[in-house]
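Subject: Structure handover

Hello,

Here is the structure we discussed. My notes follow below it.

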Amino acid sequence: MAMGVFDSGVGGLTVHRELTRRFPTADFVYLADQAMAPYGGRGGEEIVDLTRAGCERLVQAGASLIVLACNTASAIALRRLQQTWVPVVRERTGRPINVLGIIVPTIEAATGLPWTYEAESLREEGEKREAIEITGVFCTAATAMSRVYEIEIDKRRDDLAVFSEPCPGLAGLIELGAPDDELEVVVRDHVDALRRRVGRHPDKAILGCTHYEIVADVFARALPEGTPLIHQPSAVADALDRYVAHHPEYGLGTSAGRVFLTTGQAGPQSDRVARFWGAPLTFDPA
């Protein structure tokens, strides 16, 4: 058995790297659907179908617990897969299988509250506060359209106002290893667009696409100095650590195996990925 990590491309490596640090002896299978990347501009049903196919491939590779290290897939496909696909594949394989996303841990990190917390008790007691802190979410168009961050954070915190800034094309540029100067211009344009729309810069920011974590330093330079960034990899690793502790039925292996698969062009990844990973990284055909 192994832990599966799925993304449309290389962005999920940011989560994968943190998970391998947290679970150093576990076996991992990473699958990048690079043939269909990026997902951010695709329709909902297509995203569900692609994510399901990716999870099927990871199950074939021995994964019992799969992490959707993709905000778009987590926002659009996760619930459908948990409700309709997971029960079927459990019965078919006779194995404990589950799929987890990365948005819940991110919202917990952004709010400082557990997912089960509901803000209704405060509202019933007449303690509603004016929104005094702005959280900016830089994400794909599909994630922005889902409004998942606005909806779920508002349920838990009355004092946070959330504004998503869709960044179409940015994940694709990172996937292709675009040069730093080109990425600097694109990121600064989106940070400025959010500032103009809101009236000021956000007090903190969520990098709501795992590709963006690869260029977190570019976002840090574009935002006012000292603006806190919510880092998804560490938030996901913390949540998964707690989940595994309560669900020992998911065997994650013990041989520290590392397999990297792609539906796209197999071979070495870009120099940007190699710099981020700390060494050259080669994907095998899925």
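A nonpolar core here is a set of buried Ala, Val, Leu, Ile, Met, Phe, Trp, Tyr and Cys residues joined through side-chain atoms within 4.5 Å. Buried means under 20% relative accessible area, exposed over 50%, and partly exposed in between (1.4 Å probe, protein chains only).

This is a predicted model: local features need pLDDT of at least 70, side-chain atom pairs count only at pLDDT 80 or more, and totals for chains, interfaces and linings use all residues. Residues are numbered from 1 along each chain as its sequence is written, and side-chain values use heavy atoms, without hydrogens or water.

Cores. The largest nonpolar core has 53 residues, and L19, Y212 and L240 touch the most other members. Helix α10 (residues 180-198) gives the most to this core, six residues. (Helices, H or I, of at least four residues and strands, E, of at least two are DSSP runs, numbered from the N terminus.) Beyond its neighbours within four places in sequence, L19 contacts M3, V5, F28, V67, V236, A237 and L240; contact means heavy atoms within 4.5 Å. Another core, of 26 residues, lies apart and includes I47, C55, C70 and L81.

Sheet. Seven strands form an open, mixed sheet in the order β4-β3-β1-β2-β9-β11-β10. Two strands pair if DSSP finds at least two bridges between them. β4 (98-100) and β10 (267-268) are at the edges with a single partner strand each, so one side of each has no neighbour in the sheet. β1 (residues 2-7) and β2 (residues 28-32) run parallel, joined by five bridges. V5 has Y30 as its bridge partner in β2.

Helix α4. α4 (residues 78-93) packs on the sheet, touching β3 and β4. α4 bends by about 40° at W85, and P87 follows within four residues. (The bend is the angle between axes fitted to the seven residues ending there and the seven starting there.) L78, L81, W85, V86 and V89 of α4 are buried. They pack against α2 (44-60), β3, α3 (71-76) and β4. Just after α4, G94 has a positive phi of about 70°.

Salt bridges. There are 22, each a side-chain nitrogen of Lys or Arg within 4 Å of a carboxyl oxygen of Asp or Glu. D241 pairs with R22, with the closest N and O atoms 3.8 Å apart. That pair links helix α13 (residues 232-246) to helix α1, 219 residues apart. E18, R21, R22, D238 and D241 form a salt-bridge network. R92 and E56 meet at 2.8 Å, N to O.

Best wishes

Technical notes. Axes fitted to C-alpha atoms, helices over the stretch in contact; angles between N-to-C directions.
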